[in-house]
Amino acid sequence: MTPTTVRVLRLLALLQDRAHTGRELAERLSITDRTLRNDIQRLRELGYPVQAQRGAIGGYRLGRGTTMPPLLLDDDEAVAVAVAVGLAEDGATGIADITDNVTRALAKLDQILPKRLQRKVTALREATAIGPATTGSREPDAPVPAAILTTLAGAIRDGATVLIDQPDLDREEVEPYRLINWQRRWYLVAYHLETHSWSAIPVAKVQQASTGTRRFAARALPDDDLVAFVMRHIASTGWQVHARVTVLAPAETVIARINPAVGVVEAVDADTCVLLTGADALETVAIYLSMLMMDFRVDGPPELVAHIRTLARRYTEAVTPDNTSAATPSPKSGRLITGN
């Protein structure tokens with residue numbers, strides 16, 4: 001590129017960041033006011049709507065035009081956009097009619113990304129699987145630093161161990177196998193070298209991650225479907241609140257009804273099953289149970305039983321003027337039974 005082209009691109013990058021006075025721009029680019037005005041005109045001719053305001057607080061800013069001009073992104077911004085667009089292509093947005101547009105946008109990004117950035121984006125994309133879409137209440141987001149994600153993805157790509165730090169735990173070396181993105185949360189399927197066990201580690205709890213010096217041969221996975229493995233792990237260990245619920249319906253009926261992220265279903269007999277579920281709040285568990293549209297018995301925890309009793313009272317009072325009806329305990333267990 002000629003010096004003029006380089007200078008104009010630097011000017012564009014400055015204007016995309018924020019508004020600047022003419023003096024600020026001229027000093028940053030080491031040019032005269034006349035050269036700055038000429039470069040501003042070049043940008044306008046290329047379709048960039050550079051607006052000028054006079055006065056003590058005036059200056060130049062990039063406005064909105066009638067067409068979409070090219071954007072300049074720094075390395076971190078380019079990686080972030082490429083990863084976000086890649087997740088959208090995989091269906092993480094839940095929007096059905098943007099797939100073609102997302103695919104074209106991703107192809108354009110892939111074509112121009114430098115190799116050093118392309119390796120990061122490709123590693124994260126290939127190391128990530130998307131969890132199932134959910135309906136109803138959604139758990140709060142658990143943001144994850146991009147640097148940790150790219151470190152984990154790179155280790156998965158290279159077959160290298162990673163050292164992770166988590167709150168109240170000693171630094172641990174694990175073998176990373178897969179990243180799962182579900183409900184805007186990230187989980188790492190990993191094999192723990194000290195305990196010789198598999199788990200789904202919430203990446204939001206990883207305070208620091210660094211690539212180890214060891215390389216490992218891939219082990220037999222705990223499940224052919226690692227997304228299903230993570231969903232089961234979340235249902236049994238991954239929530240602040242865990243619940244055990246007996247559902248008065250066949251296991252296959254409940255499995256067909258619930259989202260796999262809601263919980264694990266175990267058959268008791270032909271007409272009864274146990275649902276192991278959880279969430280980060282009692283209120284969310286109660287919403288999940290109400291969406292079953294089946295009779296159920298809450299086996300625990302006691303706090304959930306008390307919360308559903310309160311809901312039962314409120315619902316009853318909402319539809320019974322004399323407030324004479326109430327939820328009845330099970331004659332066998334004393335636990336709350338509710339349903340349609």
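Buried means under 20% relative accessible area, exposed over 50% and partly exposed in between, with a 1.4 Å probe and protein chains only. The model is predicted: local features need pLDDT of at least 70, side-chain atom pairs count only at pLDDT 80 or more, and totals for chains, interfaces and linings use all residues. Residues are numbered from 1 along each chain as its sequence is written, and side-chain values use heavy atoms, leaving out hydrogens and water.

**View 1. Thr161 in strand S4 (residues 160–165).** Thr161 is buried, at 1% relative accessible area. Contact means heavy atoms within 4.5 Å. Leaving aside residues up to four places away in sequence, Thr161 touches residues including Glu173, Leu193, Arg214 and Phe216. Strands are DSSP runs of E, at least two residues long, and helices are runs of H or I, at least four, numbered from the N terminus.

**View 2. The salt bridge of Asp39 and Arg42.** A salt bridge puts a side-chain nitrogen of Lys or Arg within 4 Å of a carboxyl oxygen of Asp or Glu. Here the N to O distance is 2.6 Å. Asp39 and Arg42 sit three residues apart in helix H3 (residues 33–45), so about one helical turn separates them. Asp39 is buried at 0% relative accessibility. Arg42 is partly exposed at 35%.

**View 3. The salt bridge of Asp158 and Arg157.** The N to O distance is 2.9 Å. Asp158 is partly exposed at 37% relative accessibility. Arg157 is partly exposed at 38%.

**View 4. Helix H10 (residues 282–290) and its buried residues.** These are Thr284, Val285, Ala286, Tyr288 and Leu289. They pack against strands S9 (241–247), S11 (272–279) and S12 (296–300), and against helix H11 (302–319).
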